[in-house]
Amino acid sequence: MAEKGPERTCIYCRTTRNKKELLRFVLAPDRTLVPDLLAKLPGRGAYTCMTSVCVKGAADKRQFSRAFKGEVKGADGAGLIDQLATRIEERIASYISLANKAGKVSSGTDMVLERMKDQSPGFLFIASDISADIGQKVKALAERNGVEYCTLFDKEKLGALIGKEMRVVVAIGVGGFIEPLKQETAKLRNFFEEGR
Ligand SMILES: [Zn+2]
């Protein structure tokens with residue numbers, strides 16, 4: 001392990017990891033459970049792995065009540081996963097806007113397909129409502145060129161994020177907040193791809 005830092009234990013599966021790799025929860029003053037994605041909220045924290053299995057498991061087994069020693073409001077697994085997904089999506093959206101302001105975004109199928117032929121973009125966002133044939137074409141070319149992609153947001157939202165009309169593909173160029181975008185999309189996958 002390259003990074004040494006304080007470690008915490010997942011309250012569900014009991015795995016101990018660097019606390020940066022875990023998800024922190026705190027209690028609001030009214031004892032509502034709050035996911036603390038940026039790990040900055042004050043107060044005592046309880047930690048789970050960043051997976052739907054551990055978040056839901058901890059809620060179902062009443063581990064949050066145990067960790068915070070008493071009644072906890074809002075400790076409902078499905079509700080927590082929804083909240084987390086929404087918050088992560090908001091963060092992804094703001095990074096796409098920032099990349100756009102930094103001039104690192106190209107969009108539209110023709111432009112993105114053209115761009116992948118010569119100069120590889122760092123990351124692609126593909127609209128959830130892209131037509132099946134164009135979607136396949138874009139994904140196949142991305143895979144061939146080793147470009148990571150994520151299917152997220154519909155074409156209206158993707159376009160709006162970069163101040164344009166509907167867009168089915170948005171490419172983020174190198175230097176355009178690619179690392180935080182990759183981290184956030186990886187988190188989202190953890191929550192979605194395990195039988196959410
Ligand atoms: Zn865990």
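**Reading strands and helices in a predicted model**

Tutor: In strand β5, Ala46 is the residue that Phe25 stands opposite. Strands (E, at least two residues) and helices (H or I, at least four) are DSSP runs, numbered from the N terminus. Residue numbers start from 1 along each chain as its sequence is written. The model is predicted: local features need pLDDT of at least 70 and side-chain atom pairs count only at pLDDT 80 or more, while totals for chains, interfaces and linings use all residues.

Student: How many helices and strands are in the chain?

Tutor: The chain has 7 helices and 9 strands. Its C-alpha trace spans about 55 × 35 × 30 Å along the principal axes.

Student: How do strands of a sheet pair?

Tutor: They pair through backbone hydrogen bonds, either parallel or antiparallel. Here, two strands count as paired if DSSP finds at least two bridges between them. Take β3 (residues 22-27) and β5: they pair in the antiparallel sense over 4 bridges.

Student: What is the order of the open sheet of 3 strands?

Tutor: The order is β4-β3-β5, and the pairing is antiparallel. At the edges are β4 (33-36) and β5 (46-49), each pairing on one side only. Neighbouring strands in this sheet are turned by 35 degrees against each other on average, direction ignored. Axes are lines fitted to C-alpha atoms, for helices over the stretch in contact; angles between N-to-C directions run from 0 to 180 degrees.

Student: What is the order of the open sheet of 4 strands?

Tutor: That order is β6-β9-β7-β8, with mixed pairing. β6 and β8 (148-151) are edge strands with a single partner each, so one side of each has no neighbour in the sheet.

Student: Which strands do bridges join to β9?

Tutor: One is β6 (residues 105-107), which runs antiparallel to β9 and is joined to it by 3 bridges. In that pair, Val105 stands opposite Ile172. Another is β7 (residues 123-126), also antiparallel to β9, with 4 bridges. There, Phe125 has Val170 as its bridge partner.

Student: Are the residues on the two faces of β9 buried or exposed?

Tutor: Start with the count. A residue is buried if 20 or more other C-beta atoms lie within 10 Å of its own, exposed if 12 or fewer, and partly exposed in between, with C-beta atoms placed from the backbone. Both faces of β9 (residues 169-172) are covered. Val169 and Ala171 are buried on one side, and Val170 and Ile172 on the other. Across the chain of 196 residues, 34% count as buried.

Student: Where does Thr109 lie?

Tutor: Thr109 lies in helix α4 (residues 109-118). Thr109 is partly exposed, because 17 other C-beta atoms are within 10 Å. Now for contacts: two residues are in contact if their C-beta atoms, placed from the backbone, lie within 7 Å. Leaving aside neighbours within four places in sequence, Thr109 is in contact with Ile134, Val138, Val168 and Val169.

Student: How are two packed helices described?

Tutor: By the angle between their axes and the distance between the axes. Helix α3 (residues 77-101) and helix α7 (residues 178-192) pack at about 160 degrees, with axes 10 Å apart. That makes α3 roughly antiparallel to α7. The cut-offs are under 35 degrees for roughly parallel, over 145 for roughly antiparallel, 65 to 115 for roughly perpendicular, and oblique for the rest.

Student: Is the crossing of α3 and α7 left-handed or right-handed?

Tutor: The crossing of α3 and α7 is left-handed. Left-handed means that the near helix is turned anticlockwise from the far one by less than a right angle; clockwise is right-handed.

Student: Which residues of α3 and α7 make the contact?

Tutor: Among them are Ile81, Leu84 and Ile88 of α3, and Leu181, Leu188 and Phe191 of α7. By class, this contact of α3 with α7 has 11 nonpolar, 1 polar and 3 charged residues. Ala, Val, Leu, Ile, Met, Phe, Trp, Tyr, Cys and Pro count as nonpolar; Asp, Glu, Lys and Arg as charged; the others, Gly among them, as polar.

Student: At what angle do α1 and α3 pack?

Tutor: Helix α1 (residues 52-60) and α3 pack at about 140 degrees, with axes 8 Å apart. That makes α1 oblique to α3. This crossing is right-handed. Ser52, Val55, Lys56, Ala59 and Asp60 of α1 meet Gly77, Leu80 and Ile81 of α3. The residues of the contact of α1 with α3 divide into 4 nonpolar, 2 polar and 2 charged.

Student: Which strands does α7 lie across?

Tutor: α7 lies across β7, β8 and β9, and runs at about 50 degrees to β7.
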